[in-house]
Amino acid sequence: MSQPSTTLGYALFATRWLQAPLYFGLVAAQGVYVYKFFNELWNLILRCVTGQANETYVMLAVLKLVDVVMIANLLIMVIVGGYETFVSRIGLQGHRDQPEWLSHVNSNVLKVKLATAIVGISSVHLLQMFVDVHHTSQHALLWGTVIHMAFIASAAILAYMSGPMAEHGDRSHKGHGHGPMPAHGQDGVGGGYSASASVPAEFSTSAAAMRAPALVPSTVPVPIPAQATGSYLSSSEPYDAYDPYETGAETRIRAARFPSRKQLEEFDEDHPRDFDREVLARLGKLDFVAARRNVVFVGPPGTGKTHLAVGLGVRACQAGHQVLFATAAQWAARLTEARAAGRLAEELAALDAHPLLIVDEVGYTPFDADTAHLFFQLVAHRYERSSLIVTGDRPLGRWDEIFGGAAPAMVDRLAHHAEIVRLEGDSYRMRRATSAWAE
């Protein structure tokens with residue numbers, strides 16, 4: 001893109017800040033509603049104390065208070081959601097009061113939420129009219145009901161269209177051409193990098209991102225059938241650098257920097273000799289992310305640890321969570337760089353924006369004492385605060401071989417709230433190589 005076009009594009013994009021005063025104006029309007037609420041409440045209390053309030057008046061007054069509160073809630077959604085969607089991202093990640101819907105807000109979601117809020121406000125208005133039916137004309141009741149039904153129909157249509165529009169984006173981007181398949185690392189069943197791999201994305205700029213799989217609700221346990229394609233690596237494909245149809249879930253998956261696209265449904269549960277299918281189905285619900293618990297996959301190379309870690313990470317992205325993936329060597333490089341720059345504390349705090357971090361290939365390379373201490377700080381910082389998924393080739397009791405003296409304290413925090421999943425079996429890659437050689 002030419003320099004003038006780029007400059008013009010940035011200038012046009014900067015005009016979004018013209019909307020900022022509008023949202024601050026809505027904040028002032030919310031202050032007006034706060035005054036109105038307490039004014040109505042004071043009048044209600046005075047009339048109740050002086051005996052001038054009958055049952056109908058109390059009910060109408062309470063409904064009026066509820067109406068004011070619901071309009072204030074509507075204003076909050078417009079102010080926070082609209083500013084986040086159309087002006088600038090609000091840095092609330094990690095805040096204990098962050099609204100659940102703010103992590104995946106977009107213009108489509110915002111419209112549906114506003115429509116349902118308006119339906120609620122209209123319901124309260126209609127109820128007020130029926131409570132005070134003796135002082136309400138039939139004409140007003142009729143049109144109030146008609147308008148309320150119109151609001152309901154509009155909200156239903158918006159809610160119905162929100163799903164197909166998102167699915168259309170998913171289907172459209174699947175038609176784009178794909179680049180070459182990325183290389184697979186030491187635990188290639190999951191497509192992990194080797195310990196000497198270049199550091200991707202936020203660790204460096206060389207990583208390929210992946211295309212998102214179809215959205216799977218995190219609240220529904222999905223059965224894990226045998227692979228339909230008969231190949232562990234059949235689903236690996238890189239992301240396009242830019243996709244005009246990219247949805248919020250795809251953005252999160254691309255930002256997570258997974259080495260390849262893997263889904264839990266593609267995992268070949270018949271390959272490991274020792275595999276608990278119920279544990280994986282339970283982990284697939286992502287309750288461990290909400291509970292800020294950890295998951296540790298332990299097993300020999302090629303048994304599918306990285307595949308499962310990436311599959312859980314992709315599903316977490318689809319559920320609205322920010323995820324970040326890297327090998328242990330890449331995490332070591334990132335933390336070492338942050339410490340050298342004197343910003344290790346800021347780096348650990350910044351990672352709080354990701355409810356789930358994935359540390360792959362722990363154990364393939366031992367670390368010196370300084371690097372081991374950095375890993376301890378990472379685990380200790382996230383203890384009971386956010387979730388970790390760790391994959392490794394040896395049990396936690398042997399982590400002293402990797403992290404030395406820092407291992408006991410690190411394992412104590414990591415395993416305290418963790419699901420330990422052992423995978424036993426031969427390497428999937430070696431099995432395929434042996435079969436090919438025999439043929």
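Which residues of α2 are buried? I looked this up in a predicted model, where local features need pLDDT of at least 70, side-chain atom pairs count only at pLDDT 80 or more, and totals for chains, interfaces and linings use all residues. Residues are numbered from 1 along each chain as its sequence is written, and side-chain values use heavy atoms, with hydrogens and water left out.

**Helix α2**

I found Ala20, Tyr23, Gln30, Glu40 and Leu44 to be the buried residues of α2. Buried means under 20% relative accessible area, exposed over 50%, and partly exposed in between (1.4 Å probe, protein chains only). Helices are DSSP runs of H or I with at least four residues, numbered from the N terminus. I noted that the buried residues of α2 pack against α3; contact means heavy atoms within 4.5 Å. After α2 comes Gly51, with a positive phi near 75°.

**Asp67**

I located Asp67 in helix α3 (residues 55-86). Asp67 is buried but has no salt bridge, and Lys36, the nearest side chain of opposite charge, is 7.7 Å away. A salt bridge is a side-chain nitrogen of Lys or Arg within 4 Å of a carboxyl oxygen of Asp or Glu. Leaving aside neighbours within four places in sequence, I recorded Ile121, Val124, His125 and Gln128 as contacts of Asp67.

**Ile118**

I placed Ile118 in helix α4 (residues 107-131). Ile118 counts as partly exposed because its relative accessibility is 34%.

Technical notes
Helix = DSSP H or I, 4+ residues; strand = E, 2+ residues; numbered from the N terminus. Lys, Arg positive; Asp, Glu negative; His and termini not counted.
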